[in-house]
Amino acid sequence: MPSSPITFGMCVEPGKLELQAIIFAKALRTLGGSYAETPVVMVSPRAKPFTASAAATLNELDCKLIVEDLNIDYRTYPLANKPFAAAWIAEQLGSPLWFFDCDTFVTSDLAPVAELLNEETDAILRCVWPGGFKDIGSYGPGDPKDAWWKAAYNLCDAIHEPYTWAPWAQRKIRGYWNSGVIISRDNALFTEWLRCFRLLKTSNLELTRPAYLEQVAVAVAMATTGMRSKSLPGVNVALEQISRIPPHELHVVHYAGPGQKHIFALDKDNKLAFAHSGILDHPNGHTLLSLISDTLKLHNRAAVSVPFSKQHQRN
């Protein structure tokens, strides 16, 4: 795989993830500024072929599509696809990997994000929201859930115990971040993500909410690598938070969330009937909605669907 200063990667499988991946690629190529031409590698890690129409569109957008049978052991846990895909891409590259969920899109030039990565900051990550913290996260010693984290650190041979600031709690918590956008200058984070996931998955450490295991594994990987992180308010931003971020500081939106089944939908006349107001208020909002609408029409889909069951609501 050719080397470049940075490569973007994601895990994609046939269906709604393909549609979301197309929106990601179109937004990047249209609004990414100096990063608009960044190579994008999309991996289907359970060897499910891309549909012909999606593959054609993604090839036109200069995305490299990989179909490999990587997630052999945990096929019934689809979120395991992410660390398998990320580690595979990272091992092929001679350049840093930035890994995105499909339900994200770029709204502006990413150069200000890249500038934050330096000898003191190895990764840009966003702290989990309260929904992801509940029953799992720890404030540190004395927290009832802290014993689980200490055991996980011990199992995976952590070399430090990171903390991060949780804006919603106005205090620090044990390092625990949303895995929807992982921006790193060192690909060791991704190979460690997979290693820690495997160890945690096969251990006798029981997580109260098993759906979060791959996300917890990111946090443990940060502890095993000794990497240091920062958060950036404009990266990995929920739809309802867009209006709180100055437009020139908004870089990556993460639009899936609990209760949001259809973020973008076409009406019977093929016009975009529903879209989150936060996007409409953004200077690039109409450009984003236009490319989303065009994507839905091209691929004969009525909506970008983001179904969440109570069991799998993750933040």
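Modeller: In helix 7, Ala 188, Leu 189, Glu 192, Trp 193, Arg 195, Cys 196, Phe 197, Leu 200 and Lys 201 meet residues of helix 8, among them Leu 213, Ala 217, Val 218 and Met 222. Contact here means heavy atoms within 4.5 Å. By class, this contact of helix 7 with helix 8 has 12 nonpolar, two polar and four charged residues. Ala, Val, Leu, Ile, Met, Phe, Trp, Tyr, Cys and Pro count as nonpolar, Asp, Glu, Lys and Arg as charged, and the others, including Gly, as polar. This is a predicted model: local features need pLDDT of at least 70, side-chain atom pairs count only at pLDDT 80 or more, and totals for chains, interfaces and linings use all residues. Residues are numbered from 1 along each chain as its sequence is written, and side-chain values use heavy atoms, with hydrogens and water left out.

Biologist: Why is helix 7 called oblique to helix 8?

Modeller: Helix 7 (residues 188-202) and helix 8 (residues 213-225) pack at an angle of about 120°, with their axes 8 Å apart. That angle makes helix 7 oblique to helix 8. Angles under 35 degrees count as roughly parallel, over 145 as roughly antiparallel, 65 to 115 as roughly perpendicular and the rest as oblique. Axes are lines fitted to C-alpha atoms, for helices over the stretch in contact, and angles run from 0 to 180 degrees between N-to-C directions.

Biologist: What makes strand 2 and strand 3 a pair?

Modeller: Two strands pair if DSSP finds at least two bridges between them. Strand 2 (residues 40-44) and strand 3 (residues 63-67) have five bridges, in the parallel sense. Val 41 stands opposite Lys 64 in strand 3. Between these strands the chain passes through helix 2 (residues 52-60), and this β-α-β crossover is right-handed. That term applies if, with the strands pointing away from the viewer, the path from the first strand over the helix to the second runs clockwise.

Biologist: Why are strand 3 and strand 10 said to stand at the edges?

Modeller: Their open sheet of seven strands has the order 3-2-1-4-9-6-10, with mixed pairing. Strand 3 and strand 10 (229-230) each have a single partner strand, so one side of each is left without a neighbour in the sheet.

Biologist: How do you know that strand 11 and strand 12 pair?

Modeller: Two bridges join strand 11 to strand 12 (residues 252-254), and they run parallel. Val 237 is opposite Val 253 in strand 12.

Terms used:
Helix = DSSP H or I, 4+ residues; strand = E, 2+ residues; numbered from the N terminus.
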